[in-house]
Amino acid sequence: MLKHSLAILMCLALFVSCKNEPKKEVNLEENRAKSFDQNDGFITLRGDFVYYADAAILQTPKEIYGVVIDENMHLLEEQVKPLKKEATDMVPVTVRVRKFEKDSLEEGWQYRVEIKEILKVEAPNPESKDVIKLAN
């Protein structure tokens, strides 16, 4: 029953995210300024995103964040999925997030982020050599 409900929910999310909206060019400097000017507590982060086995992370050059699994995270996952060759591939994204410290009783990275706005999704660099493959 739960699996059927989850499958229906995922199909609904996929259907809703398949709109024919024109893509707009994202100005990162404008969005950084927007983050500060709005004084809404959100920040703009650019990093590599991956969602795998019910865990989501965003890795920036200086920090790794656990990502709150919610509707916006699933929308981001639907946007990055076509750019992945393997389920564990990380995809460069730019997002506006709410950053907060995790509960001390929880496992994981010190800081978590909740995605509030998806600004940009890019194709991974095929020349990147930082891939680790596990084999039996």
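## Helix H3 and its cap

Met73, Leu76, Glu77, Glu78 and Val80 are the buried residues of helix H3, which covers residues 71-80. Buried here means under 20% relative accessible area, exposed means over 50%, and partly exposed is in between (1.4 Å probe, protein chains only). Helices are DSSP runs of H or I with at least four residues, strands are runs of E with at least two, and both are numbered from the N terminus.

At the N-terminal end of H3, aspartate 70 does the capping: one of its side-chain oxygens sits 3.2 Å from the backbone nitrogen of asparagine 72.

## What you're looking at

This is a predicted model, where local features need pLDDT of at least 70 and side-chain atom pairs count only at pLDDT 80 or more, while totals for chains, interfaces and linings use all residues. Residues are numbered from 1 along each chain as its sequence is written, and side-chain values use heavy atoms, with hydrogens and water left out.

A salt bridge is a side-chain nitrogen of Lys or Arg within 4 Å of a carboxyl oxygen of Asp or Glu.

## A link across the sequence

Searching the whole structure turns up seven salt bridges. One of them joins the side chains of glutamate 122 and arginine 46, at 2.9 Å from N to O. Arginine 46 belongs to strand S1 (residues 42-52) and glutamate 122 to the segment after strand S5 (111-121), so this pair ties together parts that are 76 residues apart in sequence. Glutamate 122 is partly exposed at 22% relative accessibility, and arginine 46 is partly exposed too, at 41%.

Alanine 53 lies in the loop between S1 and strand S2 (55-59). Its phi is near 55 degrees, a positive value in a residue other than glycine. Aspartate 54 is also in the loop between S1 and S2, and has a positive phi of about 60 degrees without being a glycine.

How accessible are they? Alanine 53 counts as exposed at 61% relative accessibility, and aspartate 54 counts as exposed at 64%.

Technical notes:
Polar contact = N/O pair within 3.5 Å; in protein donor to acceptor, adjacent residues only side chain to side chain.
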